[in-house]
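Here's a quick briefing to read alongside the model. Have the sequence and the 3D view open as you go.

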Amino acid sequence: MPEKGSTDVLRGTLDVLILKTLSLAPMHGWGISQRIQQLSKDAFQVGQGSLYPALQRLEERGWIESEWRSTEEGRRAKYYELTRRGRRSLASEVESWRRYVAHVELVLEGGS
Amino acid sequence: MNLLKGRLKQLRVLLRKDDVERELDEELRYHIDMETEKNIRSGMSPDEARRAALLAFGGVERYKEEVREARWVRLFEDAGADFRFAARTLRRRPAFAVAVVLTLAIGIGGTTAVFSIVDGLFMRPPAGVDAPQDVVRLFVVRNEGAIQTPDGGPGSYVDFEVLRNGPRGLEAVAGLLYAQEMDLGRGADAERLRGRAVTSNYFPLLGVRPHIGRLFYEQEDDVEGAHPVAVVSHAFWNTRLARDPRVLGRAIELNGKPLQIVGVAEKGFTGIDSDPVDVWVPMAMAAPLGLVGFTGDSGWRQVAGMTVVRIVARLGAEADREAVVRDASAALRHAAESHPQLDPSPDAILAPLIPARGPHRAQSASLALWLGAVAGIVLAIAFANVVSLLVTRSTARRRELAVRVSLGAGRGRLTRQQLVEALLLTLIGGAAGILIAFLGTGVARQFPLPPGVGTVDLRVLVFALGVSLIAGLLLGLIASARSGWVDPMRGLRESRIQTPPSRRRLQRGLVAVQVALALTLLVGAGLFLGSLRKVYEIDPGVDVERLIAVSVDLSKVGYGSPEREAFYAEARRRLEALPGVERTAMIHFQPFGGSAMGIAYEIPGGHESTYAGEGPYVNLAGAGYFETAGTRILAGRAFREADGPGSEPIAVVNEAMARILAPAGEVVGLCVPLSGQIQSGGCTRIIGVVETERHRYLDDKPVPMVFLSRDRNPDAIPWGDKVLLVRTNHGAPAEPSVIRSAMQSLRSDLPYVAVQPVSERLRDEILPFRLGATLFTLFGVLGLTLAAVGLYGVLSYFVAERTPEIGVRKSLGASASAVVRLVVWQGFLPVGVGLIVGIALALAGAPLLSSLLFGVDSRDPLLFGGIAVFLVAIAMLSTVVPARRAARVDPMIALRAD
């Protein structure tokens, strides 16, 4: 159950979170969702239902690639990996995200 | 690299759908397994852990759907399933499907049929021409002087040589003469061919190669009559010469001269005009074959006023068309200095090779363009009907859609299904439309059209398919936009589907548009029918029924004047002896033959006439001509057999001429000095007055005419045909073939004997009016029917939908007539708006038609009013059934139904 104070990941930001997660290491879907939750200190609950369409979308765009590999416990899982294009996009996505946050911040500061 | 990989993967999705689905299953299963394990680790029981994992995930199927939809290939993947689904849906509502398909078939079929004609006339360059876009026609514009061609006309051979050597940017310039009929052979087998005299570079300029043999050599242009050679078309070689390669070198007799066949032109090439050519001869053979008018003069190529040469040119690779026109005009002006009788500053204009796109568009080609617009309007009306039907239906289907949305169907998927359904409808409609187009072009080919025009071929089929696809996409988008916002909760809760007001507005708007368009179509039909009636009302002053014109060129058998006259006298005796022939007479220019010759005269003691293009004209009539032609004699007498060579000069004038010669008094008995080429010195005695006939064309102005006695001097006019007119019997008229063989029996080596009912000439003139009236009426009726059906459908739907409301009104005491008024008002509001818009449209558009009309006012208030009243009557009829249904609503049943 999502804890109090946790938020659903906004659809647009999910992409950048996935890219960021994959920039550390190739990972399978479940791993990505756990990792995001963990990195955000449980603040973000990745709706699993939006995770897989997002992965599909990113793969369409050529930002990530997938491959079936064996996991540590010996099962087959689909691992996703950042492509070179994905890495470039991550940089610009992060950049624009920062700008967005800064602008929101400005508005909030000005309003109080 | 990545991009390629992505595409490959999408391809794989398409090809191996099951594998991909399996992978997706496996990936999600892994996710849920991992989540379950995590839950177990945090202390849940295995069952509980799995349930929690599934719950956290939501409906697995729904997410699979979303993942699938993230792929565009889905569109193709599902197309098959969607089509099957759409077909099933439509089968459940056959009446709806049939209505839509029929409506679309009418719209698409009409448009396709007209497209096949417009495409043939306007889009297709003559077959067999290389790079036709670089070939242009050059016309000469002369605004003053003896020759006036303000819209651009042919040049003289002198002009041709100027243009051939003048402007830069022209790779080659060739000349050809106008369409000429040439007589092939003698006796019973004699035929009439379509021929052209062309310069030797004509074929190379167009990129036409010989099929066998050769084309013309350059030196064959030079000396008049020195090279009697001919090239025949492949079609002629194929059908009349039995594809015999030995015809090369063989002589054929054309217009009485032996010519040697030197080649067969490339297959498919039939010249650059709309009528296919059978035989080409070098320009230097034109005069010897008698193709350049009456001079027969081999010096015609030096005469600047002999403007009979049409000029075609091939533009060089980087030619600037404007510069070419400038250069050509400058060259023509420079040369004009030595021709003082002509316009001193002529201009050249360039026109496309396709005749209908040039400055001299045939009336039927203009008509075809209008028909394109008209067919488009009918298509628009049909489309509006279908939109209306579909919108009505999507309202009725909202519940079904709501159920499907709440069961988890993706919104994109619903849109796609509606799109597919619309496409299926329009494609079936298009296929049915192609059948209608086949029928329509069959009708169109009853009228004379150039070869290849109005046939349903691949291009036309592609057009029909394109129209169907575009219509389908539009329909699908409109339908899905109209139902896209279905809210499952509301859709399910509503017990009765209410039409949102926006939708009612749309439907009323569509009715208004249909009424407006139908009105414009009917006004067009009315104008053409009016013109046709006016044309038929013309009293031509000649009774054309049972009147047959017989002509044969006796100069080709070497007859001089006395032998020729003896021959005609014998021919008249022979023909008059035939059963079925009433009488015969000779005439120089035949009625409706299109030619006449001007004459100058002096009114005794008055002014001299001028050639103003409005007569007076002169003709030579033999004894019994007016009686044979059926022209009434108003005063004095007609010519008799006794008016022979020795008698004094006599003339019969028509009423229009009589009014000029003697505005108030008696014209018979006057002696009028006539001048010009006809007579010099003395005067001509007027012996009779006849009614004013339309001589050259049917819609010719009634012009003053002077008839001289042909029996007195048959050679008074040195050029033109000499025609034997035959009036056949009322009961059992002699057939043209009987008349021809009677003529041929006079002499076995006669050239081709032309036997043509005079009414055929008139038929050709009436044709554009008939064509316009027929097709405008046809499309008008189609448009009107569709619009009436549309109005009926919308009103029926309103009544069905408002039955409970009507029930309430009735139970509250509304009378049946009040209910009827309500329904009728529903229908009349959009009809009224449509009428006003339609009248405005038609008032603006009709004057553009006037060049195709005859004798009618394009803004005839009576016509406009009549059609408006007619449309109101039709609208009233369309409201009768729905209104009566509304009046019969039983309040108890209507209220209980909910």
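Two strands count as paired here if DSSP finds at least two bridges between them. With that in hand, look at strand 7 and strand 10 (residues 279–282) of chain B: two bridges join them, and they run antiparallel. Keep in mind that this is a predicted model.

**Strand 7 of chain B**

- Strand 7 covers residues 229–232 of chain B, and besides strand 10 it pairs with strand 9 of chain B, in the parallel sense and over four bridges.
- Are the residues on the two faces of strand 7 of chain B buried or exposed? Both faces are covered, with B:Val229 and B:Val231 buried on one side and B:Ala230 and B:Val232 buried on the other.

**Other partners of strand 9 in chain B**

- Strand 9 takes in residues 257–265 of chain B, and three bridges tie it to strand 6 (residues 210–213) of chain B, running antiparallel.
- For that pairing, look up B:Pro210, whose bridge partner in strand 9 of chain B is B:Ala265.
- Strand 8 (residues 251–254) of chain B is joined to strand 9 of chain B by four bridges, and these two run antiparallel.
- Strands 8 and 9 of chain B make a hairpin with two residues between them. One to check in the turn is B:Asn255, which has a positive phi of about 45 degrees.

**A charged patch on chain B**

- Four arginines, B:Arg84, B:Arg88, B:Arg91 and B:Arg92, form a positive surface patch.
- B:Arg92 belongs to helix 5 of chain B, which spans residues 74–92.
- Why does B:Arg92 count as exposed? Because its relative accessibility is 57%, and the cut-off for exposed is over 50%.

**Chain A at a glance**

- Chain A has four helices and five strands.
- Going along the sequence, these elements of chain A follow the pattern β-α-β-α-β-α-β-β-α.
- How much of chain A is buried? Of its 112 residues, 41% are buried.

Note on methods: Residues numbered from 1 in each chain as written. Chains lettered and ligands numbered in written order. Predicted model: local features only at pLDDT ≥ 70, side-chain atom pairs only at ≥ 80, totals over all residues. Heavy atoms only, no water. Patch = residues over 30% accessible without salt bridge, like charges linked within 9 Å, V, L, I, M, F, W, Y side chains within 5 Å. Areas by Shrake-Rupley, 256 points an atom, 1.4 Å probe, with all protein chains shown as cover. Salt bridge = Lys/Arg side-chain N within 4 Å of Asp/Glu carboxyl O. Lys, Arg positive; Asp, Glu negative; His and termini not counted. Charge placed at Lys NZ, Arg CZ, Asp CG, Glu CD. Buried < 20%, exposed > 50% of the residue type's maximum accessible area, 1.4 Å probe, protein only.
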